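This report is written to be read alongside the sequence and the three-dimensional structure. Please keep both in view while working through the headings.

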Amino acid sequence: MESNRFVAPLDDLYLTTELEHGQLPLFLEKAISVAELPTQQDMLLLGTLTTASFALPHVRILHGNPQHSYSPALMTLVVAPPAAGKGVLNYMHQLISPIQDKLKLRGKTAVIPANSSSAAFLDLLAMNDGTGLMIETEMDVLSQIWKNDFGNYSHLFRQAFEHESIRRARKSGAHALNYTEIPTPNLSAILSGTPNQLKPLLVNRENGLASRFLPYMVEDIIPFDRRALKNGDRVQKNSAVSVFHELGKELLQRWEWLDSREHDILWSLTDEQSEQLGDLFDDGYRLAMEELHLPDAFDATVKRMAVIIKRIGAILTMLRQEPGECSDVVYCQDEDFRTLVMLSEKLLRHAALMTLMLPDEEEKLQELRPESETRHQNVENRACELYGFLPEKFSTSEAYATGLERMGIKSRTVDKYLGYLVENEKLSNQMKGQYEKTKQ
């Protein structure tokens with residue numbers, strides 16, 4: 001499976017390098033302008049989109065058959081090697097700060113800490129009328145919390161993506177009952193971490209959480225920048241902190257305008273755009289599932305990516321709107337649709353990379369078995385896989401070539417598997433260097 005990587009060359013996985021000047025709303029152009037490297041610009045783009053997705057109340061998107069109403073809320077997951085520039089996502093705290101300050105005056109909060117128990121997470125979400133934003137640049141904080149029975153709220157992430165009602169009942173005394181209900185939860189989240197932190201968080205391909213994230217996988221390492229050692233005599237006026245501070249003020253205005261509306265704004269693709277995007281996802285689905293034979297779990301990823309892409313489209317459109325000037329129905333603009341087409345192709349590749357990094361359910365179960373049992377099971381499975389590729393009669397050299405071509409394994413490993421097959425009477429080896437499948 002690893003040989004069927006649903007990826008283009010590394011340069012083709014960057015998101016911002018193909019964008020023309022002015023293609024993004026000015027708000028996003030300013031956000032990505034504080035970085036020079038494409039990976040950091042990509043992270044700033046996704047982080048800003050995700051933070052903005054929290055700040056767009058009363059914006060709805062219809063999707064599915066039958067139709068379901070979604071908010072723009074995004075859950076973004078950035079996976080990158082250590083010291084690969086993930087720290088730029090911390091600027092999202094400056095971006096959300098003005099809204100956070102305003103909500104505090106109402107006894108609410110925008111930001112929900114990852115380091116929360118399940119009960120605390122749900123209480124904070126309920127306190128904020130079912131909305132929240134999580135920003136965590138070390139996602140193992142979340143996976144460590146989820147290891148505990150009292151802390152695991154991964155199911156709430158899954159429910160929040162679909163805005164499914166969340167209900168909780170707890171006894172608070174001998175006779176009292178504490179009941180909490182959140183009819184339509186809206187959770188935006190920005191998580192980042194290293195590749196070895198991915199599996200503890202998502203567990204395996206089949207648990208449903210992976211398909212709900214907007215994934216961004218970074219493989220390249222950022223070179224050392226000598227300019228970081230230079231001292232300045234003053235804080236730059238156009239520093240990243242100051243840029244995001246000003247953007248935060250602008251986002252507050254947009255949030256206040258939408259929060260004060262009585263009626264929702266419906267975002268939509270045009271009929272022609274819907275057809276084009278449908279063709280793209282049809283082609284992507286066939287390529288992934290029928291030609292590249294990606295794991296079955298990728299089916300859910302493709303379908304939920306269509307929801308994620310439409311959410312991004314709504315964010316792009318609303319960031320172009322002047323506060324106070326908007327009809328009850330808005331359509332995706334042409335330049336934003338070009339961005340959506342590009343992002344659809346790129347993010348499906350990133351999602352394929354993430355899927356291939358995660359074990360399937362059976363592989364996860366093997367990790368829980370004793371080491372000797374797991375090792376034996378792996379040899380048996382791989383030997384039987386090799387057996388299926390071999391003809392009825394073959395030589396050792398033919399087995400070596402088949403193992404390398406079909407499974408990417410070296411001759412020493414082939415010898416081990418041939419020995420297992422002979423020992424278990426699946427092969428006979430009556431002449432040196434010659435094998436024949438036995439009649440089972």
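## The loop between strands 1 and 2

Pro 66 is situated in the loop that links strand 1 (59-63) with strand 2 (68-70). Helices (H or I, at least four residues) and strands (E, at least two) are DSSP runs, numbered from the N terminus. The peptide bond leading from Asn 65 to Pro 66 is cis, and its omega is near 5°. The model is predicted, so local features need pLDDT of at least 70 and side-chain atom pairs count only at pLDDT 80 or more, while totals for chains, interfaces and linings use all residues. Residues are numbered from 1 along each chain as its sequence is written, and side-chain values use heavy atoms, with hydrogens and water left out.

Ser 69 belongs to strand 2. With a relative accessibility of 29%, Ser 69 counts as partly exposed; the classes are buried (under 20% relative accessible area), exposed (over 50%) and partly exposed (in between), with a 1.4 Å probe and protein chains only. Apart from neighbours within four places in sequence, Ser 69 is in contact with Arg 60, Ile 61, Leu 62 and His 163, where contact means heavy atoms within 4.5 Å. Ser 69 and Val 59 are 10 residues apart along the chain, and their C-alpha atoms are separated by 9.9 Å.

## The chain as a whole

The chain contains 15 helices and 13 strands. Of its 440 residues, 50% are buried. Among contacts between residues at least 6 apart in sequence, 74% join residues at least 24 apart.

## A buried leucine

Is Leu 142 buried or exposed? Its relative accessibility is 0%, so Leu 142 counts as buried. This residue lies in helix 5 (residues 140-146). Not counting residues up to four places away in sequence, Leu 142 touches Ala 114, Met 134, Tyr 153, Phe 157, Leu 191 and Leu 201.

## Loop residues

Asp 129 occurs in the loop between helix 4 (118-127) and strand 4 (131-136), where it is exposed, with a relative accessible area of 56%. Val 203 occurs in the loop between helix 7 (198-202) and strand 8 (214-217), and its relative accessibility of 30% makes it partly exposed.

Glu 425 is placed in the loop between helix 15 (411-423) and strand 12 (427-431). At 59% relative accessibility, Glu 425 counts as exposed. The C-alpha atoms of Glu 425 and Lys 439 are separated by 9.3 Å, and the two residues are 14 apart along the chain.

Helix 10 has 23 residues and reaches 33 Å from its first C-alpha to its last, close to the 33 Å expected at 1.5 Å a residue. The expected span is 1.5 Å times one less than the number of residues. Of the 23 residues, 20 are buried, so helix 10 is largely enclosed by the rest of the structure.

Two packed helices are described by the angle between their axes and the distance between the axes. Helix 10 (residues 298-320) and helix 11 (residues 334-357) pack at an angle of about 145°, their axes being 9 Å apart. Axes are lines fitted to C-alpha atoms, for helices over the stretch in contact, and angles run from 0 to 180 degrees between N-to-C directions. The residues making the contact include Phe 298, Met 305 and Arg 320 of helix 10, and Glu 335, Leu 343 and Thr 355 of helix 11. By class, the contact has 12 nonpolar, 6 polar and 3 charged residues. Here Ala, Val, Leu, Ile, Met, Phe, Trp, Tyr, Cys and Pro count as nonpolar, Asp, Glu, Lys and Arg as charged, and the others, Gly among them, as polar.

## The two sides of helix 14

Helix 14 (residues 396-407) has 12 residues and reaches 16 Å from its first C-alpha to its last, close to the 16 Å expected at 1.5 Å a residue. Which residues of helix 14 are buried? They are Thr 396, Ala 399, Thr 402, Gly 403 and Met 407. These residues cover an arc of only 115° around the axis, which puts them on the same side of helix 14; the arc is that of the directions from the helix axis to the C-beta atoms.

An α-helix has 3.6 residues a turn, so residues three or four places apart point the same way. The face of helix 14 turned away from its buried side carries the exposed residues Leu 404 and Glu 405. Gly 408 follows helix 14 and has a positive phi, near 70°.
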